[in-house]
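Please walk through this model with the sequence and the coordinates side by side.

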Amino acid sequence: MNENPLGYEPVGKLLMQFSVPAIISCLINSIYNIVDQIFIGQGVGYQGNAATTVAFPIMVILLAFGNMTGAGSSAFAAIRLGEGNDKLAKKCLNNSFVFSFLLGVIIMVLGIIFLKPLLWLFGAKNSVIMNYSYDYTFIVLLGTPFNLVSISLSNLARTDGNPKLAMYSMLIGAGLNTILDPIYIFILNWGVKGAAIATITSQIISAIVLAYYFSRKSKKNPRHLQFEKQYFKLDFSIIKNFLSLGFSSGITQAAICIMQIVMNNSLMHYGNLSSIGGDVALSAMGIVMKISTIMTSLAIGVGMGAQPILGFNQGAKKYMRIRKTYLSAISLATALVMICWVICHMFPENIIGLFGKESAEFTDFAVNCMNIYLFGTFCAGFQIVSCGYFQSTGQPLKAAILSTLRQLSLLVPLIIILPIFFGLKGILFSAPIADIASAFIVSSFIIPEMKKLYKLEHQPVM
């Protein structure tokens, strides 16, 4: 009765059971920004969308800290549960909760203090975009403590064997966000401020739902992770351990942030040198980046679903289940991303049209962006699940190296170099080159790992 199903249920069944809610949660998380951008595009126009593109790196920074705490504490707790050390897993939950909230307060205060120089750095080079992006981001920062708590606890809910809870909490928040957006933007005429208020309201509700779950006992699961006051005192040895495991998730988002800063400034510079214009280039690419986020969130969801299965079986030393989980996860993630990739290439005008009806020139450039920039996204499933594998099995250094590979080591230099020779199109071609090159490099890490697991799986029992 006390045995965890992560150690004996069929891998395929577990992967679907954990991945489907995780995918939905990731999609919902992406939809927060997508819904805002659609309503802002319809109610404010392309300059409002350009402002959310400028604000995007700050959203990514918040996600970086949330994922570092959430994914790290989830991996740490899963390994400890696999070892049978339930007490340490419970300590991890409580420390993650307190640490996430306190970290959120610190980030909120620092973000507000340095907001204007940050927005200028991120591409707000004229007063209209600066004003819009400031109004939007200032309000979003106020919800940072709840945002970080929500991300951390949703990861731990999956480790606790309740992936549906993580999905429901996000679903409630996203549903509320979708209802409040048109009310605040169109009816109350609050513009970008309304979109931001809707977003943080949703994040607060999600955090409350998750905190309530961990505050009560479970009759069905005697090993249920639960808040206990005695464990609320921060244990820095536990925090150090789960932050080291979550470092790759955090650094992935940090790399995205750096890439976005370079991207935004390059788009403004080379856009102004072309007939398109910097504002149009920034807004169009912002839409494509949001679509890219939805596509990659499918792979991230599969990786998150696989994480507790990989971590538990690593702790339990069940190597066949680890290898089977990984291979099943990359197959599922790749198939999902490929479906979206085909849809984007078949119906680009229809997808771009969701974000507002602009000039034919704007639509043509946005479609061109989508077709070229997303060309190599079919590799995303393999890369993301592989990075998650190393994180989940307690190999943070390899996870960190691979996490920064695509965004920082390859994409940023390409964004800087290619436009010198090819102008604005050089920025677009940088992504597929980085995607395909990073897939080959990730292969050189994962193939020896699979061989090692195969040997461990078949070694004679002493």
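**Salt bridges and helix contacts**

Lys398, Glu449 and Lys452 are joined in a network of salt bridges. The model is a predicted one. Glu449 and Lys452 both belong to helix H16 and are three residues apart, about one turn of the helix.

How buried or exposed are the members of the network? Glu449 counts as buried because its relative accessibility is 4%, and the cut-off for buried is under 20%. Lys398 counts as partly exposed, at 32% relative accessibility. Lys452 is also partly exposed, with a value of 39%.

The structure holds four salt bridges. One of them is formed by Lys13 and Glu9, with the closest N and O atoms 3.4 Å apart. Lys13 is partly exposed, at a relative accessible area of 48%.

Helix packing comes next. Helix H9 (residues 236–273) and helix H10 (residues 278–315) pack at an angle of about 145 degrees, and their axes are 7 Å apart. H9 and H10 cross in a right-handed sense. On the H9 side, the contact is made by Met259, Gln260, Met263, Asn264, Leu267, Met268, Gly271 and Asn272. On the H10 side, the residues are Gly278, Asp279, Ala281, Leu282, Met285 and Met289.

Helix H10 also contains Gly305. Gly305 is buried, with a relative accessible area of 0%. Which residues touch Gly305, leaving aside its neighbours within four places in sequence? The contacts of Gly305 are Phe18, Ser19 and Ala22. Between Gly305 and Ser206 there are 99 residues of separation in sequence and 19 Å in space, C-alpha to C-alpha.

Gly70 is buried, with a relative accessible area of 0%. Leaving aside its neighbours within four places in sequence, Gly70 is in contact with Ile151, Ser152 and Asn155. Gly70 and Gly250 are 180 residues apart in sequence, yet their C-alpha atoms are 9.6 Å apart in space.

Two loop residues call for a look at the backbone. Asn189 has a positive phi of about 60 degrees, although it is not a glycine. Asn189 sits in the loop between H7 and H8 and is exposed, with a relative accessible area of 64%. Lys317, which is not a glycine, has a positive phi of about 60 degrees as well. Lys317 is in the loop between H10 and helix H11 (319–346). Because its relative accessibility is 57%, Lys317 counts as exposed, the cut-off being over 50%.

Finally, there is a nonpolar patch on the surface, formed by Met16, Val20, Ile24, Tyr168, Leu171, Ile172, Ile205 and Ile208. Together these residues have about 660 Å² of accessible area. Which helices supply at least two residues of the patch each? Those helices are H1 (11–43), H7 (163–187) and H8 (191–214). Ile205, one of the patch residues, lies in helix H8 and is partly exposed, with a relative accessible area of 30%.

Technical notes
Residues are numbered from 1 along each chain as its sequence is written. This is a predicted model: local features need pLDDT of at least 70, side-chain atom pairs count only at pLDDT 80 or more; totals for chains, interfaces and linings use all residues. Side-chain values use heavy atoms; hydrogens and water are left out. Patches are made of residues with over 30% relative accessible area and no salt bridge: like charges are joined within 9 Å, nonpolar side chains (Val, Leu, Ile, Met, Phe, Trp, Tyr) within 5 Å. Accessible areas come from the Shrake-Rupley method with a 1.4 Å probe; for residues, only the protein chains shown count as cover. A salt bridge is a side-chain nitrogen of Lys or Arg within 4 Å of a carboxyl oxygen of Asp or Glu. Helices (H or I, at least four residues) and strands (E, at least two) are DSSP runs, numbered from the N terminus. Buried means under 20% relative accessible area, exposed over 50%, partly exposed in between (1.4 Å probe, protein chains only). Axes are lines fitted to C-alpha atoms, for helices over the stretch in contact, and angles run from 0 to 180 degrees between N-to-C directions. A crossing is left-handed if the near helix is turned anticlockwise from the far one by less than a right angle, and right-handed if clockwise. Contact means heavy atoms within 4.5 Å.
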